[in-house]
Structures are given as C-alpha cells and as structure tokens.
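Colleague: Thanks for sitting down with me. Could you show me the model, and then let me ask about the terms you use?

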Amino acid sequence: MFLAEQSVPSWVMVDGAGRIWWISVDESSPWASGALIVRTVARWPKPRPTPETQGRGRTGTGLRKPLVPKESSAVHGRQRMLIRNATILSMDPAIGDLDRGDLLLDGELITAVGTDLDPGEPVTEVDATGRIAIPGLIDTHRHMWQAVLRGCAPHHTLMDYFSHILGGLGRLVTPDDVYLGNLLSAYGALNAGVTTVQDISNINSTPGHTEAIVAALRESGLRAVFAYGKDTPDGFASDKWLPDYVREVRERLLPDDDALVTMALVIEEGTDEEERRNWSLARELDVPVARHMAAYQPGDRPLRRLAELGVLQPCTTFIHGVGLSVDELRIIADYGNLSISPAIELAMGIGLPPFAAAAEAGLRPSLGVDAEVTVAADMFGQMRSAFQISRYASAPYAVRDILEFATINGARTLGMADRIGSLTPGKQADLVLLRADQPGTAPVYDPYSTVVLGMDSAHVEAVLVAGEPIKWNGELRADTAPVVGKAVDVRDWLVAAGHRLTTGSSRPRTVSWG
C-alpha cells in the first residue's frame, strides 16, 4: 500500500504485518538503476480483529442469526429468561446504559439488569448480540378504532377530520367494526414495538360498542388504557355530559387498576356545569382523565379556566397543547403531563407542536400517534418528527430525550412509572429488542441516534408485554390474517355503498412560521 511518494525516488509502504517501510534509491550504486535502501521506521496500529477472532459468531455475510432459541416452544409464554449480550438503554439513571449487558426476566417481571449475570437456576437463554434492548414504547394518545379506516385521510385538515371521519364515517361503524379497528390497531402497535397505548375512545355510540372495544383490547395482549369518551359524532350536536353507563364500565368491565387493560375518562370542553359534573365523576370512579387542549384564538386560556373552576386533578393527560402560552403549560405540570402528536399536528394544520414552549415551561412531554387515518401506527415516525421539530424550534432536546418521551415519560403521563417505562428490576417486563446489525443501521456509534433516527418497525425483532413474547424473530405470535381480511372487507363494503373514503384538499395549506 503506497502512503506517500516523494519528489526523489523514495516511497513509504505498509506490509501485511503492519510494518512501515521507507524505500529509496541509492544513486551511488554501480547498478544502472541504483540499489534500493529499505528500512523499517515504525509499526502501523495492530490490524483490526475480524469477526471470527472476536468470537462474535457472525455469519459470513456479517449479519446476525435469528434470536436463539428459535423454536417457538422455547419462548412461548411467561418464563424465566436470560437475554444476554444486548446493548441496553435502560432509561433508568441508576442503571444507565450497557454496551453489552444482560436482562433476567422471571414471569411478568424484570429481576436483574447487568453484565455477565448468573441466573442461579435453569433459564431460557437468548443471545441478543447485535440487538438494542429498550423499554416498550408508550403511545399516550391514539384513536384506535380508526385503524379500520387507515390511510383514508392523507389531505384532511382538522375540520375535514371532524366532519368526514368523526361526523361522517364514524356514524356508520358497528360494534363489530370498532372491535376490528381496535384489534387491528393493537396488532399494528405491537408489531412496531409499542407495548402500551392510551386509547382515546370517542366512538362509544352504544354499550355494544364499548364492550366490543374492551374485548378487542383484552384479546390483543397489548397494555392499554381505555379512555372512555362521549361519542364524538353525537357530541358535536349535543351536550358533553358523560353517561351514567360509565359507572357500569368501571364496576363490571374494568375494575382492576393492575390489569393489562385499565380505565380513564375523556372529558372534552363543556359548560361550567358539565365540566364540574364530568370531573367529579372521574374522581368518584378514581380514574385518570384525558383532555384535548389547545388555544385556537389569541388570548385563549383554557387551562386557567379549568383551574379557576377547581376541577383539575392529578394524572391528567393534556393532548396537543398547540398554541398554549408558557404560563398555561406550567399549569399542566401541577396536574399531569402533555401528550404531543407531532406528525398529525403538522399534517392536519393544527399548529407547530409545542416542544419549545413545553421546554420553557419545564415540561417533558410524551408522544402519541393520534389518528391512523392520516399517519402511520408506529412511534418511530413520531420520534423523528419530534426531534426534527425540536431542532427547528431550538428546543433543548437530544435524541436521548426523545426516546425518554416515548418510554418513561409516557409511563409518567399515564401514572404507570412504577410499573413500566424503564428496564428496572421489579418493573413489568415490557421490552423490545431491535436489530442494529443490519445494512441500514450498522455500525452503531450512538444507540440513541440509531433508534430515534435510523429505525422503523422492520427493525423490531422481539416484543414482550409483562414477560409474554408477543413478537419473536420478527413475527407476531397472533394469527393476524383473519383480522386483516375483515378490515379489507369493511373497506370494500364502504366503497360499494358509495361512501367517500378520501376528501379534503390535495393542496397542502400554507403555514407561516414567522
């Protein structure tokens, strides 16, 4: 290998042993061409070890083999499992990050995180070399029933969405349709590494709709908060009173706050009397609250109004926050947290997602997909949008902060930080293994950057919820084909019935950021 060529006849070369040689011509030599003078002057740094000498067991292509053990029976159901050799992003400051660490699971729980763990008893061992382990992603705002209408509203503004999706197609869906939509959304979430979703359920037209939704959430294996809301199509034309039926939902369907599926209430803007009654109902039932919250006109102070009414309570998810002043956002910190849906807020022209204002107010928000009629069902897109908008708006967030928004901050928003959101011994084993050894992700310099900016659902290799393997070796355990087939049937029925499935302007609205 030639490193330099001098103006006089001399060269510097490196041989296969890493030695540097200086070579020149002795012009005093009797040979016509002169004699070569060769000296070793240094040694090049030691050659890099090959994958074989490192003992990492890579295949000839440099790609990792599937997770071991591969057999379904070996990883079916909750068990004692030792996941070895993963890059661990624990999201727990006391544990930190491990370049090459182990996770010990016992049934539903994480029991140890460290290096070279000794399980003490027989376990199922899994070699996770080349994977990044993160807590399960947490989506704090999604209207899950709308998965049955996925992608039908690419050009909708917020007003188009209200009129066409909620006020139009929303009136047509049956209990069977919302069951299907929620199950499809749950499978889409799990496939993308989302282990917890707060379902902002604004389609409870009848008790049959509600029971179908809860049944779908339970069947899916997803950890979910069913946030019961007033049926939105009806809500546009009538009062905002939540029905007495929610007491039955709490007492009969969702009484257990430690179950995989729990309950909250969606309380939307109403009269003073309606606000007092609905918030009082949430306190009576001892459930959290979710509330869409934004300022659409200069001087709007919706949070100040609720504070003056004396209705606000802890563990409230305030959704969007677009247009709110820093003073308004500071009120949120006393009663809950903010959930930002950056992709939908931009796509529907709601406004610039308030990452900079949230930072100034001392908030560390969570993230949500919102509406699958317009955006994808994964959190990777939300994280990228959040990072890009934060950079544009000079919000002081790094890639680690963004992953925090999608994990432990989601857990804090939902009041579940004692159970999920970080890879901490004693917490539920909600975790995801991501392939980081593929052509589109390797090499990894900063694992946070790789996860937030370089990955998508295709990199999700394994998903566990409360220790249950929901996805393994890149495949969901559930038989999703019948669900997908029925969703296609619903689409075909809507088309055959003559319903418009897309509307809105194909020309994006001009937005001024200045």
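Colleague: Which residues does Asp370 touch, not counting residues up to four places away in sequence?

Modeller: Asp370 touches His141, Arg142, His143, His320, Ser341 and Ile344, where contact means heavy atoms within 4.5 Å. This is a predicted model, so local features need pLDDT of at least 70, side-chain atom pairs count only at pLDDT 80 or more, and totals for chains, interfaces and linings use all residues. Residues are numbered from 1 along each chain as its sequence is written, and side-chain values use heavy atoms, with hydrogens and water left out.

Colleague: Why does Asp370 count as buried?

Modeller: Buried means under 20% relative accessible area, exposed over 50% and partly exposed in between, with a 1.4 Å probe and protein chains only. Asp370 has 6% relative accessibility, so it counts as buried.

Colleague: What makes helix 7 roughly perpendicular to helix 8?

Modeller: Their axes, lines fitted to C-alpha atoms over the stretch in contact, cross at roughly 70° and come within 11 Å. Angles of 65 to 115 degrees count as roughly perpendicular, under 35 as roughly parallel, over 145 as roughly antiparallel and the rest as oblique. Helix 7 is therefore roughly perpendicular to helix 8.

Colleague: Why is one side of strand 10 and of strand 17 left without a neighbour in the sheet?

Modeller: Eight strands form an open sheet in the order 10-11-12-13-14-15-16-17, with parallel pairing. Strand 10 and strand 17 stand at the edges, each with a single partner strand, so one side of each has no neighbour there. Two strands pair if DSSP finds at least two bridges between them, and four bridges join strand 10 to strand 11.

How values were computed. Axes are lines fitted to C-alpha atoms, for helices over the stretch in contact, and angles run from 0 to 180 degrees between N-to-C directions. Helices (H or I, at least four residues) and strands (E, at least two) are DSSP runs, numbered from the N terminus.
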